[in-house]
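Below is a brief report on one protein chain.

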Amino acid sequence: PPEHAQAGPTSPKISKSKQVILRRMYKRYLIADAPPILVVHLKRFQQTSKTYSVSFSGASGVKKVDEYVSFPEFLDIGPYLAPRREDYGLDEDGKVKVRHTDKEQRRCMYRLYAVVVHIGNMLGGHYIAYTALPPSHFATSPPSTPPVEPPTPGAASASGTEHGHGAKHQQSPPRQWAYISDTVVRLTTIEEVLKAKAYICMYERI
């Protein structure tokens with residue numbers, strides 16, 4: 001006689017490759033070593049379709065992103081630095097112990113010294129630049145803007161950053177700026193620079 005299967009519920013076996021649990025994932029990039037010069041390159045184009053082509057008659061599938069993006073004169077990248085090994089240790093129970101608090105978080109300040117702006121579309125255009133003049137320029141042409149003080153901890157600055165310069169409340173020397181477009185060169189102010197639709201922002205460590 002044929003063998004009868006044992007009674008009772010049976011569940012199909014699921015392979016390990018299909019045993020997936022979807023979870024939210026976060027990804028971030030941290031800076032290991034702060035460079036003396038920091039160049040921030042903004043992505044100023046957007047792909048609008050899966051395929052795109054560029055010809056003399058026009059560009060399809062891509063468009064230029066021309067919206068204004070605010071950027072500060074003083075930039076603190078301390079929150080984006082990778083942790084240092086010496087900042088951590090083991091306690092008596094063998095657990096990781098942080099040797100500094102959030103208030104003691106190291107700061108790494110930068111100051112804006114040049115901005116590049118692109119005027120045009122995906123097929124072409126024109127570049128203009130803003131650059132800070134060296135201090136020796138002030139000997140013959142006094143600055144039109146007052147001395148600038150970097151933002152203090154916990155206080156928001158006019159340029160849109162909330163990270164401070166540290167415990168030393170020292171005033172930074174004033175800077176005169178220049179607008180450069182081919183042969184057209186004129187003096188300008190930091191206020192005009194911060195209103196530009198930046199394509200590349202260049203910072204120097206202070």
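## Confidence

This is a predicted model. The chain has a mean pLDDT of 77, and 65% of its residues reach 70 or more. Over residues 142–147 the pLDDT is below 50, and this stretch has 14 contacts in the model beyond near neighbours in sequence. Residues 153–169 also have a pLDDT under 50. For residues 153–169 the model has 34 contacts beyond four places in sequence.

## Overall fold

The chain has one helix and 13 strands. From the N terminus on, the order is β-β-β-β-β-β-β-β-β-β-β-β-α-β. Of the 206 residues, 29% count as buried.

The accessible surface comes to about 15600 Å². Carbon and sulfur atoms hold 55% of that surface.

## The largest nonpolar core

Which residues touch the most other members of the largest nonpolar core? They are Phe 71, Leu 112, Val 115, Tyr 130 and Tyr 203, out of 22 residues in this core. Five elements are listed as giving two or more residues to the core: β9 (109–120), β10 (125–132), β11 (177–181), α1 (190–194) and β13 (200–205). The most comes from β9, with four residues.

Val 115 shows how these parts meet. Leaving aside neighbours within four places in sequence, Val 115 is in contact with Phe 71, Ile 128, Ala 129, Tyr 130, Val 193, Ala 198 and Ile 200.

## Strand β1 and the segment before it

Leu 38 sits in strand β1 (residues 37–41). Is Leu 38 buried or exposed? Its relative accessibility is 14%, so Leu 38 counts as buried. Leu 38 and Met 202 are 164 residues apart along the chain, yet their C-alpha atoms are separated by 5.9 Å. Not counting residues up to four places away in sequence, Leu 38 touches Leu 75, Ile 77, Tyr 110, Cys 201, Met 202 and Tyr 203.

Pro 36 lies in the segment before β1. Pro 36 counts as exposed because its relative accessibility is 61%. Pro 36 and Glu 204 are 168 residues apart in sequence, with 5.9 Å between their C-alpha atoms. Beyond residues up to four places away in sequence, Pro 36 touches Tyr 110, Tyr 203, Glu 204 and Arg 205.

## Aromatic pairs

How many aromatic pairs does a search of the whole structure find? It finds two. Tyr 127 and Tyr 199 form a tilted pair, at 6.2 Å centre to centre and 35° between the planes. Tyr 127 lies in strand β10 and Tyr 199 in the loop between α1 and β13, so the pair ties together parts that are 72 residues apart in sequence. Tyr 127 is partly exposed, with a relative accessible area of 47%.

Tyr 130 and Tyr 179 form an edge-to-face pair, at 5.5 Å centre to centre and 65° between the planes. This pair also links distant parts of the chain: Tyr 130 is in strand β10, Tyr 179 is in strand β11, and they are 49 residues apart. Both Tyr 130 and Tyr 179 are buried.

## Charges over rings

Arg 186 lies over the face of Tyr 179, at 4.2 Å from the ring centre. Lys 43 lies over the face of Phe 45, at 5.1 Å from the ring centre.

## Loop residues

Asp 182 is in the loop between β11 and β12 (184–188). Most residues other than glycine have a negative phi. Asp 182 has a positive phi of about 55° although it is not a glycine. Asp 182 is exposed, with a relative accessible area of 61%.

Pro 174 is found in the loop between β10 and β11. Pro 174 is partly exposed, with a relative accessible area of 21%. Pro 174 and Pro 135 are 39 residues apart in sequence and 8.3 Å apart in space, C-alpha to C-alpha.

How values were computed
Residues numbered from 1 in each chain as written. Predicted model: local features only at pLDDT ≥ 70, side-chain atom pairs only at ≥ 80, totals over all residues. Heavy atoms only, no water. Core = buried A, V, L, I, M, F, W, Y, C linked by side-chain atoms within 4.5 Å. Buried < 20%, exposed > 50% of the residue type's maximum accessible area, 1.4 Å probe, protein only. Contact = heavy atoms within 4.5 Å. Phe/Tyr/Trp six-rings, centres within 6.5 Å; stacked < 30°, edge-to-face > 60°. Lys NZ or Arg CZ within 6 Å of the ring centre and 35° of its normal. Areas by Shrake-Rupley, 256 points an atom, 1.4 Å probe, with all protein chains shown as cover. pLDDT = per-residue confidence, 0-100.
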